[in-house]
2 protein chains.
Amino acid sequence: MKPYAIGIDLGGTTVKIGLFTTAGELLYKWEIVTRTEDDGEHILPDIADSILSVMSEKQITAAEVEGAGIGVPGAVLANGIVNRCVNVGWGIVNVASELSKYLGGIPVKVGNDANVAALGEMWKGGGMGYRNLVMVTLGTGIGGGIIINEEILTGAFGAAGEIGHIPVNYEETETCGCGKKGCLEQYASASRFASRAVKKLSEIDDETILRNYDPLTTKDILDAAKEGDKIALELLEDFGLTLGRALAAVSAVADPEAFVIGGGMSKAGPILLDAIRKNYIDWAFHASKNTDFVLATLGNDAGMYGAVRMLL
Amino acid sequence: MKPYAIGIDLGGTTVKIGLFTTAGELLYKWEIVTRTEDDGEHILPDIADSILSVMSEKQITAAEVEGAGIGVPGAVLANGIVNRCVNVGWGIVNVASELSKYLGGIPVKVGNDANVAALGEMWKGGGMGYRNLVMVTLGTGIGGGIIINEEILTGAFGAAGEIGHIPVNYEETETCGCGKKGCLEQYASASRFASRAVKKLSEIDDETILRNYDPLTTKDILDAAKEGDKIALELLEDFGLTLGRALAAVSAVADPEAFVIGGGMSKAGPILLDAIRKNYIDWAFHASKNTDFVLATLGNDAGMYGAVRMLL
């Protein structure tokens, strides 16, 4: 094993890049802008230039680098070909071979960003010690990544772990970002948690500290819940029910050892885990009632860590 | 590789046993009664006696047998220990080591029956050519087995693939056999298909050939649907919607290449697959809309085949 590896997390706005030891120590990290113009054709050359320049600055040669791993926001097939990354302008791109070429032959592995983050949390984050886990990232949407025997479950069409798109409401009339109706992420993402709260406040007259905030954020509601605000607690309970029930469905398929809960919302800590787990237990198949619930710990670095772990 | 292997499918009434070549040819099969009395303590000795007697009759020595695989109706942990098989009276039993002992040291592998049947269908049945599939067995309940990269997904608690227990109706008041409420198998098993039809007939006045049957069986309804009976077609459509929607949830987790539909109901053939697939497409995440739907072909032998495949 060579001493160094590169972890890359490609987002729609910035690319996060980390120089790691192959033992998993993050030595240096930086960011560059994601240039999505011209169908995203500058992205891979930009990433390679930036990496080669840092390597040169740190006097690291290509022969000392085990490889580069990259997480991308789209479906990745088992052969490393990316099939549409809307956020960065890509159609079908062979990221592995192109980036490797720009990097002068350093081997490259590519994975879906949510899957790679799950692997990162397993390796060095909240999921350490588990070999089988499902990571749930609560953000604008709901990201999911499934790890089985320490490896990413990609799925036949690159769509394994798309748990935000589990149908949970068969009567919904609004359309999800994916084009379907009634997906989990229409109800239980961090963004939807706040917007549903605003809607609820407009429908009830109860006194609550939540009326003091404008705009009302997810963090405001979670803080109020910690202070015992009745309406905030009801909102959290409702969120925990929707998500816990859906994770019971996930367990009836994949039966992981643990769910790792990440995304900005996970900063709320145990109160969030408890709300989800309590409802999960009510809806889970009997054999799976003791699944662990843990918090993600790597934050925005999870993708870089996982990208490196993919190489090893 | 030795020339022979034994495949065993343990059920609540009978044990199906097959003598195979390790290339997967079924040479001889037979059944014995499952003696569930005395906490099922006679089952493994009975199986071993029966196998040793057939081996002796066929002049096959232990040195010529690669091993014995057994599918059991209960949760099996990764270490081969069985955790409760209610139907055969077992609590916690180390099936692998006990059966191996009774067989004079022939190696034994154990798996959950639904999972093992899925592996059998992948190896020599309707799932041939797929490396990632989900088998759905429509019977009294709904069995499920998940194959990933040609291996059984066991799950942390032996409950992976328990797709009959995905929550699909959050308002149900009746309790499922598992103790929860609103599980998929409360609506879309073969048994429920018939009982829901009887209920529907009592609620409507429409003319239908289904009123000529007493008792009305699943096969009667499927046959009537093939003949174009309007009520039978509505019942089938409703069944396809319930199951197709749930399998869309399965794909959002495991994203298989194919669903293999088995159980007695699958004898109805393409009309059943079409009813499920049509609704599946409406509810599946866009990347997973092209998942194949195929019929199981090994019938009651799938478990024996899969039990042998487990050994290889």
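Contact here means heavy atoms within 4.5 Å. With that in hand, hello everyone, and let's start where the two chains meet.

A word on the ground rules: this is a predicted model, where local features need pLDDT of at least 70 and side-chain atom pairs count only at pLDDT 80 or more, while totals for chains, interfaces and linings use all residues. Residues are numbered from 1 along each chain as its sequence is written, chains are lettered from A and ligands numbered from 1 in the order in which they are written, and side-chain values use heavy atoms, with hydrogens and water left out.

So, the interface. Chain A brings 43 residues to the contact, and chain B brings 43 residues. The size of an interface is often given as the accessible area lost when the parts come together. Between chain A and chain B about 3,400 Å² is buried, with carbon and sulfur atoms giving 68% of that; buried area is the accessible area (1.4 Å probe) that two parts lose on being put together, summed over both. On the chain A side, the residues that lose the most area to chain B are Phe157(A), Tyr170(A) and Val253(A), together 21% of what that side buries.

Polar contacts do cross over: 16 residue pairs between chain A and chain B, both partners at pLDDT 80 or more. A polar contact is a pair of N or O atoms within 3.5 Å; within protein, one must be able to donate a hydrogen and the other to accept it, and residues adjacent in sequence count only if both atoms are side-chain atoms.

Which elements of chain A supply at least two residues each to the side that touches chain B? They include strand E10 (142-148), helix H8 (230-254) and helix H9 (270-283). Helices (H or I, at least four residues) and strands (E, at least two) are DSSP runs, numbered from the N terminus. H8(A) gives the largest share of that side, eight residues. By type, the side of chain A that touches chain B divides into 24 nonpolar, eleven polar and eight charged residues. Here Ala, Val, Leu, Ile, Met, Phe, Trp, Tyr, Cys and Pro count as nonpolar, Asp, Glu, Lys and Arg as charged, and the others, Gly among them, as polar.

Now back to salt bridges, this time over all chains, where the count comes to 26. Side chains of opposite charge can pair when their charged atoms come close. Take Glu150(A) and Arg309(A), whose side chains meet at 3.1 Å, N to O. Glu150(A) sits in the loop between E10 and strand E11 (151-152) of chain A, and Arg309(A) in helix H10 (residues 302-311) of chain A, so the pair ties together parts 159 residues apart in sequence. Arg309(A) counts as buried at 15% relative accessibility, whereas Glu150(A), at 31%, counts as partly exposed. Buried means under 20% relative accessible area, exposed over 50%, and partly exposed in between (1.4 Å probe, protein chains only).

Glu237(A) and Lys278(A) form a salt bridge at 2.9 Å, N to O. Because Glu237(A) is in helix H8 and Lys278(A) in helix H9 of chain A, the pair ties together parts 41 residues apart in sequence. Glu237(A) is partly exposed at 32%, and Lys278(A) is partly exposed at 45%. In chain B, Lys278(B) and Glu237(B) also meet in a salt bridge, at 2.9 Å, N to O. There is a network as well, linking Lys200(A), Asp206(A), Lys230(A) and Glu234(A) by salt bridges.

Finally, the sheets. One open sheet of chain A has five strands in the order E11-E10-E9-E12-E13, with mixed pairing. E11 and strand E13 (292-295) stand at its edges, each with a single partner strand, so one side of each has no neighbour in the sheet. Two strands pair if DSSP finds at least two bridges between them. Strand E12 (residues 258-262) and E13(A) run parallel, joined by four bridges, and Ala258(A) has Asp292(A) as its bridge partner.

Elsewhere, strand E4 (residues 65-72) of chain A is mostly covered, with seven of its eight residues buried. E4(A) pairs in the parallel sense with strand E1 (residues 4-10) over five bridges, and five bridges also join E4(A) in parallel to strand E8 (residues 108-112). Ala68(A) is the bridge partner of Ile6(A), and Val108(A) is the bridge partner of Ala68(A) in E8(A).

Key:
A salt bridge is a side-chain nitrogen of Lys or Arg within 4 Å of a carboxyl oxygen of Asp or Glu.
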